[in-house]
Amino acid sequence: MTKRKKRATITTTGAISRLDRMIPILYRNVVNAIRIEATMEAGNEVVGLMPDKTFAGADAYNVIKQSLGYDLAMHLARLYDVGNRNRPANKRDVASIPLAVRLLRQKRCHAALKARARNWLPHGTYANVFEVDCAKALSRASKGYSDTFKGPFGRSGLKTLKASRDNFMAHSLMTDIDARLIYNQLFRLTDCARDFVEAARLAVSGDNSSLGEQEELFKNEARRFWRMALLADRGDDETLPEWASAHA
């Protein structure tokens, strides 16, 4: 008779501790991801404005775009990594959205996080409000992860991302697998990761910074760069730095 494996359990304190360690790592990764996405989108916008897209050096722009796309795929591969499936989920040493949502959906973690949210400010100030905010953030995080699998680019993007990671990023396997990610897949997964991490970060730590607003700032900065690089447009209120003025 085969002996059943003992289930690897974790205490509620241990589960919350794992979330406390995961969320800052996920946040750093997703900020980098949306920065890359914003830079790519701004570049595409500026190129779309150009009447002649066969300009000298266009191949270099394509190399930059492809490199950014590869870097974005690497960030997403980390964000959606499930870790070594041969190890119990609670013992996998990666910080990822699938492992975080697994804990965030547990009732015991809900109770612990909502109780902790009551003390986001000392002396119980706004305790009830913070508990409600935490509960809503938990709901948004769970829904956000479920939404990742919807639409034409979500599930297909995750499937292609895993194949690309396994065959081309982590290894250079001699396979005939076609795992070319398209930009719509990359951008969709980035937006889903952004929405999940923003909600999860609020639920776990009480930090309520808008990643959407950060993305807009990144995009505005990227537009300025691409317009300068591709259109020689510095903008009405822009001045060249001293080192550039000397060579103008």
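Mentor: Start with a cut-off: a residue is buried when its relative accessible area is under 20%. This is a predicted model. Thr190 has a relative accessible area of 1%, so it counts as buried. Thr190 belongs to helix α7, which covers residues 183-205. Now look at what surrounds Thr190. Beyond its neighbours within four places in sequence, Thr190 is in contact with Ala33, Ile34, Glu37, Leu72 and Leu76. Take Ile34 from that list. In sequence, Thr190 and Ile34 are 156 residues apart. In space, their C-alpha atoms are 6.6 Å apart.

Next, the nonpolar packing. The largest nonpolar core has 55 residues. Tyr80, Ile97 and Phe196 have the most contacts inside this core. Each of α1 (12-49), α2, α3, α4 (107-117), α5 (127-148), α6 (151-169), α7 and α8 (211-231) supplies at least two of its residues. The most come from α1, which gives 14 residues. Setting aside neighbours within four places in sequence, Tyr80 is in contact with Ile97, Pro98, Thr148, Leu158, Leu161, Leu189, Cys192 and Ala193. Another core, of eight residues, lies apart from the largest one. Among its members are Ala42, Val47, Ala222 and Leu230.

Finish with a polar residue in a loop. Asn90 lies between α2 (58-79) and α3 (97-104). Asn90 counts as buried because its relative accessibility is 11%. The side chains of Asn90 and Arg102 are joined by a polar contact of 2.8 Å.

Notes
Residues numbered from 1 in each chain as written. Predicted model: local features only at pLDDT ≥ 70, side-chain atom pairs only at ≥ 80, totals over all residues. Heavy atoms only, no water. Helix = DSSP H or I, 4+ residues; strand = E, 2+ residues; numbered from the N terminus. Buried < 20%, exposed > 50% of the residue type's maximum accessible area, 1.4 Å probe, protein only. Polar contact = N/O pair within 3.5 Å; in protein donor to acceptor, adjacent residues only side chain to side chain. Contact = heavy atoms within 4.5 Å. Core = buried A, V, L, I, M, F, W, Y, C linked by side-chain atoms within 4.5 Å.
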